[in-house]
Amino acid sequence: MKKLLYQFDTDALPSVFDNVVGYDGGADHISAYGTVDARNVAGLVEGAIFTRGAKDKKNTAIFIGGGNMAEGEAVLSAVRKKFFGKFRVSVMFDSNGCNTTAAAAVAWLAHGRSLAGKRAVVLGGSGPVGQRAAVLLAREGADVTITGRKREVVQAACDAIHARFGIVVRAVEAPTNVERGAAVEGAHVVLATGAAGITLLEERQWRDSASLELVADANASPPAGIEGVGQSDRGEPKHGKILFGSLGFGALKLALHRACIARLFEQNDALLDAEEIYAIAKTMVG
Ligand SMILES: NC(=O)c1ccc[n+]([C@@H]2O[C@H](COP(=O)([O-])OP(=O)(O)OC[C@H]3O[C@@H](n4cnc5c(N)ncnc54)[C@H](OP(=O)(O)O)[C@@H]3O)[C@@H](O)[C@H]2O)c1
């Protein structure tokens, strides 16, 4: 029986990245749908849950992606509402790689050390990756702040985090590098999750910090999100801090994404969201 993955993307053009990793994770065939939303997904789900017998349903799975995490979460909720009894299939939620990227970054940051009681700042943290990274850092015991250019946007991200996870994350408006430099003063951990190719912090702003221990950058498109962090850094020491770059933890992100796809086909009722994906990341890191 073929392993069928239904890729539901909230963007008009379904992600090629998610499609390739879906195959590399073990799907035999992927049907990718764009412009999926909470209203039009019901019929697609019915096709997935009503077609195969109970013991064969594990060979059908759903992946939810796309650039807008709130829309993706609404699709996830609509998908789950269609499930009942044994009529369900496994689902992975990873809008813009939010869960797999954040899980890989935080798993490396927490690897072999405790983040409990540390002050962590997620720069450009209002996006999908930043929001999920903030949650996972908080779950590791860190006191987390996220920054964004506009107070209302970054506060809305904190509110979304609280609504979904019950976690309180502080919002700081920091539209320029100067304000972002001030935001990381006294912090122990800084992670940049801003849009691709945007530098959020200069090297001189973190180089001499007495408090910073861990400096990580998710941005894989030059220039670096944090100047002075090498793309391939994975625990590199520099200026007395430990550095992680986008490719440095990106290898775990890719392996994790593939492993999660494989996990979908082991049972018909897996739900892989932030907590589950992070738990898998913790078993793979290092
Ligand atoms: N290493 C990996 O394996 C991997 C995998 C996936 C993604 N990524 C990278 O992870 C990062 C985060 O991804 P994402 O999807 O969460 O990002 P995103 O939504 O595109 O952007 C994150 C935040 O960046 C801020 N931003 C946008 N334009 C900006 C500008 N001109 N100046 C300053 N801030 C700006 C926005 O916050 P405000 O509007 O609130 O300021 C936005 O919410 C990206 O760089 C992405 O390429 C890495």
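Biologist: Which residues lie nearest the centre of the largest pocket?

Modeller: The model is a predicted one. Rolling a probe the size of a water molecule over the atoms shows where empty space is left. In this structure, Asn96, Gly97, Thr101, Val129 and Lys253 lie nearest the centre of the largest pocket, which 29 residues line. The space in this pocket amounts to about 600 Å³.

Biologist: Which helix supplies the largest share of that lining?

Modeller: The largest share comes from α9, with 6 residues. At least two residues each are supplied by α1 (16–24), α5 (128–139) and α9 (246–264). Sorted by class, the lining of the largest pocket holds 12 nonpolar, 13 polar and 4 charged residues.

Biologist: Which pocket does the ligand take?

Modeller: The ligand takes the space of the second largest pocket, whose volume is about 340 Å³. This second largest pocket is lined by 16 residues, and Gly124, Ser126, Arg149, Gly194 and Ala195 are the closest to its centre.

Biologist: How many residues surround the ligand?

Modeller: There are 22 residues around the ligand, and Asn96, Ser126, Val129, Arg149 and Gly194 are the closest. The helix that gives the most to this shell is α9, with 4 residues. By class, the shell comprises 9 nonpolar, 11 polar and 2 charged residues.

Key: Residues numbered from 1 in each chain as written. Predicted model: local features only at pLDDT ≥ 70, side-chain atom pairs only at ≥ 80, totals over all residues. Heavy atoms only, no water. 1 Å grid on protein atoms, 1.4 Å probe; cavity = no way out; pocket = protein on both sides within 12 Å on 5 of 7 lines; lining within 4 Å. Points joined across faces, edges and corners; volume = space filled by probe spheres on them. Nonpolar A, V, L, I, M, F, W, Y, C, P; charged D, E, K, R; others polar. Near = heavy atom within 4 Å. Sits in = over half its atoms within 2 Å of the grid points.
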